[in-house]
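Let us read a structure together, one feature at a time.

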Amino acid sequence: MKELEKTKDISIAAVLFILVVLIGLLTYERPKHLYAINTKSTLEKLTGDNYLVTLNDINNPDYVLIDVRNQYEFEKGHLENAINIYTPDILSDENSDFFDELKETNKTAVLYGKNPQQVNPPFLVLYQLGFDNIKMLAVENSYFENKLITKNSDIEKSEADITTFINESRENASIEPMDEDIIKAPKKIITTKRKKKAPEGGC
Amino acid sequence: MTKDKEQSSKHTYWNPYFGGFIFGILILFTFFLTGRGLGASGAMKSSVVSMVESVAPTHAENNAYYSKFIEEDESPMNTWLVFETLGLLIGAFISGGLSGRISWRVQHSPKITSKRRLVFALGGGVLFGLGAQIARGCTSGAALSGMAVLSTGGFITMLAIFGSAYAFAYFFRKNWI
Amino acid sequence: MGPLIPNGIIPIEWDSIIAILIGVVFGFVLEASGFSSSRKLAGVFYGYDFAVLKVFFTAALVAVIGIYYMDYLGYMDVSQLYVHPTYLWGAIIGGVIMGAGFVAGGFCPGTSLCAVAIGKIDAYVYVAGIMIGVFIFSELFPLLEPIYNGYFYGNLTLQDSFGVNPYWFIFIFSIIAIVAFVISDMVRKKQKKVFY
Amino acid sequence: MVKKKIAKVFAFRYIMLAAILILLAGGLVLLPKYQKHEGIKPQELLSNVISSERYITTDELAQKLIYRDPSFILIDVRDEKSYADYSLPNAINIPLEKLLDEDSRAYLNQIQFDVVLFSDDHFYADQAWILCNRLGFKNIRVLKGGVNNWFKTIINPEKPGPTMPAEAFQLYSTRKAGSMYFGVVYPEQANIAGSDTKIEAPKRVITVQKRKKKPVEGGC
């Protein structure tokens with residue numbers, strides 16, 4: 001009797017082979033370093049908790065000092081029992097293992113460098129990789145007769161009040177002070193929120 | 001023996017699950033490469049638009065529907081779907097050739113004459129052409145590619161097509177069974 | 001990396017060449033799994049051959065699982081893919097008309113082109129019919145315009161419209177599909193044999 | 001005949017395929033939800049962060065402002081209060097907390113203008129820059145030293161000593177001219193009649209178009 005629905009027998013081998021190839025391709029290169037938090041939560045954490053450490057409380061036992069300057073600066077002078085991890089190779093294998101191990105033994109790594117601005121990049125990169133046991137030493141390092149002097153430096157302190165300075169310069173130049181709004185250029189910025197252009201298509 | 005074997009291979013198709021599996025991988029690959037699904041009725045629309053534009057350009061310009069697909073610089077046939085349909089014809093020809101299914105014939109149920117089959121094919125085509133434009137997609141374009149990205153429109157179209165087909169099946173049963 | 005061409009990883013010029021290659025595989029798979037014979041297609045409505053149901057649901061499932069795995073692993077971004085727009089009444093009315101056309105003609109546009117490729121004259125007539133249908137639609141467009149553009153809800157996915165979790169939906173959908181496959185096998189055994 | 005067909009249907013292979021399908025679909029549900037990996041790869045971010053060509057010096061910025069270079073926007077990442085006290089002309093205030101909000105993204109994620117971020121020192125500006133860099137925003141720069149450095153070099157340049165080289169004097173004079181432009185008035189200027197016609201920085205209307213993503217067309 002003529003087979004009604006003659007179909008070639010399904011070859012399980014072919015299906016499995018294709019599946020294995022596809023799954024292999026997809027899960028092949030799992031990148032070693034993956035972000036643990038996306039940018040929004042990083043921002044909240046940055047503006048939220050305090051990651052700054054001052055000089056006088058660095059002798060707390062589970063702080064590990066990490067110097068992010070290059071080897072030459074490190075040799076010239078560094079805080080006692082600090083470990084030198086230069087910024088470009090913080091993602092190298094043994095360094096990331098070192099940070100993982102720090103995280104397990106829940107020690108906090110305190111990064112410091114010539115000034116807080118120099119510490120900012122490595123701190124943020126590691127922070128986004130999920131090492132939230134990282135803090136930053138807000139400190140200014142300088143050399144005097146090649147002896148390291150570190151003093152506290154606070155972040156983002158506005159040193160001078162510029163408007164008063166400008167107004168003063170106007171007074172002693174005997175001209176009445178400009179009123180406020182001229183200096184601060186009033187800005188009227190129109191952002192045209194463009195309607196998201198829907199991809200055209202369909203038939 | 002070879003005649004019978006050749007005869008039998010004419011009707012042996014792939015196992016549907018295997019065919020569906022490869023089809024699924026193809027849709028996945030299409031989405032991965034081009035970000036869009038497959039389609040078919042779009043090509044026919046483009047061909048109709050280009051025909052009408054070549055025959056009666058003024059009419060095509062001021063008709064609301066044609067003017068949507070007519071651009072000055074390139075012909076309406078220069079769309080993704082037309083190339084895909086071209087490939088579809090080639091692929092089907094290759095597969096048909098491999099299993100010896102290529103011959104001029106009208107396939108119809110033994111009970112009806114081929115003339116009736118052709119009339120019903122024409123009617124079915126007209127209905128399908130009309131429906132495909134209203135729903136902006138056919139079974140492979142809207143339903144299948146829509147379901148692949150879980151689009152609500154795709155599921156609605158698929159349910160409408162298969163639901164109504166089952167409903168109308170009773171009226172056309174003489175044609176098939 | 002997401003869809004490669006829109007993200008510019010593959011230059012746009014390759015678009016048409018890729019279209020042809022995808023079309024070749026598309027045609028080959030459709031024809032090889034028997035979609036060029038209208039009687040096999042119509043079998044799904046009369047119960048003697050559920051190939052359409054099996055291929056359709058397997059393809060949809062494999063595609064949706066694949067897309068969401070690639071999205072999960074970061075290879076593709078689902079939000080960049082083209083989602084079929086939801087025109088509620090357009091889809092329903094169009095679907096009903098297409099359903100009638102499917103049962104009457106036995107083909108859908110993709111499969112009719114497969115049958116055209118292997119020389120089925122009824123498929124040629126069917127394609128001509130589709131073109132006439134498109135022509136009729138365009139001429140009547142001013143009348144049909146409200147349905148065509150009406151009730152537009154945007155390119156919604158099930159997640160946006162019903163808040164369903166896509167992963168759970170896929171899991172349930174695959175169970176439904178397997179149950180449908182088993183039922184279709186049982187129904188096919190009880191049906192009268194039809195040879196084509 | 002029928003028995004053979006049933007055997008075929010329930011043969012081992014179909015059950016295995018069904019099991020694979022269920023396994024894969026189920027796997028999707030059980031996988032742990034983790035943040036999508038936003039932005040560029042960590043190694044890439046590290047290399048971008050180490051290079052310091054993102055900085056723009058205060059002299060360059062003063063030059064651009066004086067010549068009214070239209071191709072850049074100044075973004076102040078300090079809080080509202082310090083922005084109200086003093087800020088650079090035509091600066092837009094996006095405090096660090098609101099950096100990634102939707103409307104501030106229109107300013108950052110666009111290729112029409114260069115963006116110059118600044119704060120009191122370039123500490124917060126650097127953090128903002130790193131986050132923007134991770135999201136892949138292009139041509140964003142940071143003002144080196146921020147407003148403090150701006151004050152020290154442009155607003156109130158310190159007079160070079162007699163032994164300083166000639167360039168120091170030229171630098172001082174350009175900076176002094178710059179400070180006049182930005183509103184500081186020097187005593188010797190006072191006696192020039194009607195010299196209070198302050199050239200106030202022109203109000204600039206910045207319209208930022210959202211970057212057009214290549215539309216994915218599709219459909220049947």
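## A guided reading

Q: How far can I trust what I see, say in chain B: where is confidence lowest and where is it highest?

A: Good place to start, since this is a predicted model. Where pLDDT is low, the predicted coordinates should not be read in detail. Chain B has an average pLDDT of 87, and 95% of the residues score at least 70. Confidence in chain B is lowest in helix 1 (residues 2-11) of chain B, with a mean of 59. It is highest in helix 6 (residues 80-98) of chain B, at 93.

Q: Let me turn to chain A. Which way do the residues of strand 2 of chain A point?

A: A:Tyr63, A:Leu65 and A:Asp67 point one way, while A:Val64 and A:Ile66 point the other way. On both sides these residues are buried. With 5 of the 5 residues of strand 2 (residues 63-67) of chain A buried, the strand is largely enclosed by the rest of the structure.

Q: Which strands pair with strand 2 of chain A?

A: One partner is strand 4 (residues 108-112) of chain A, which runs parallel to strand 2 of chain A and is joined to it by 5 bridges. Look there for A:Ile66, which stands opposite A:Leu111. Strand 3 (residues 83-84) of chain A also pairs with strand 2 of chain A in the parallel sense, over 2 bridges. In that pairing, A:Asp67 has A:Asn84 as its bridge partner. A:Asp67 is also linked with A:Arg69 and A:Glu73 in a network of salt bridges.

Q: How many salt bridges does the structure hold over all chains?

A: The general idea is that side chains of opposite charge can pair when their charged atoms come close. Over all chains, the structure holds 13 salt bridges. One of them is between B:Arg117 and C:Asp122, whose closest N and O atoms are 2.9 Å apart. B:Arg117 lies in helix 7 (residues 114-134) of chain B and C:Asp122 in helix 6 (residues 121-139) of chain C, so this pair joins two chains.

Q: Are the residues of such pairs buried or partly exposed?

A: Let us take them pair by pair. B:Arg117 is buried, at a relative accessible area of 3%, and C:Asp122 is buried too, at 0%. Within chain C, C:Asp49 and C:Lys40 meet in a salt bridge at 3.0 Å, N to O. C:Asp49 is buried at 0%, and C:Lys40 is buried at 2%. In chain D, D:Asp69 and D:Lys64 form a salt bridge with their closest N and O atoms 3.9 Å apart. Here D:Asp69 counts as partly exposed at 21% relative accessibility, and D:Lys64 likewise counts as partly exposed at 21%.

Q: How do I read the interface, and what area is buried between chain B and chain C?

A: The size of an interface is often given as the accessible area lost when the parts come together. Between chain B and chain C, about 10,700 Å² is buried, and carbon and sulfur atoms give 78% of that area. B:Phe32, B:Arg136 and B:Trp176 supply 8% of the area that chain B buries against chain C, more than any other three residues. The contact takes 115 residues from chain B and 124 residues from chain C.

Conventions
Residues numbered from 1 in each chain as written. Chains lettered and ligands numbered in written order. Predicted model: local features only at pLDDT ≥ 70, side-chain atom pairs only at ≥ 80, totals over all residues. Heavy atoms only, no water. Buried < 20%, exposed > 50% of the residue type's maximum accessible area, 1.4 Å probe, protein only. Helix = DSSP H or I, 4+ residues; strand = E, 2+ residues; numbered from the N terminus. Pairing = 2+ DSSP bridges. pLDDT = per-residue confidence, 0-100. Salt bridge = Lys/Arg side-chain N within 4 Å of Asp/Glu carboxyl O. Contact = heavy atoms within 4.5 Å. Buried area = accessible area lost by both parts, 1.4 Å probe.
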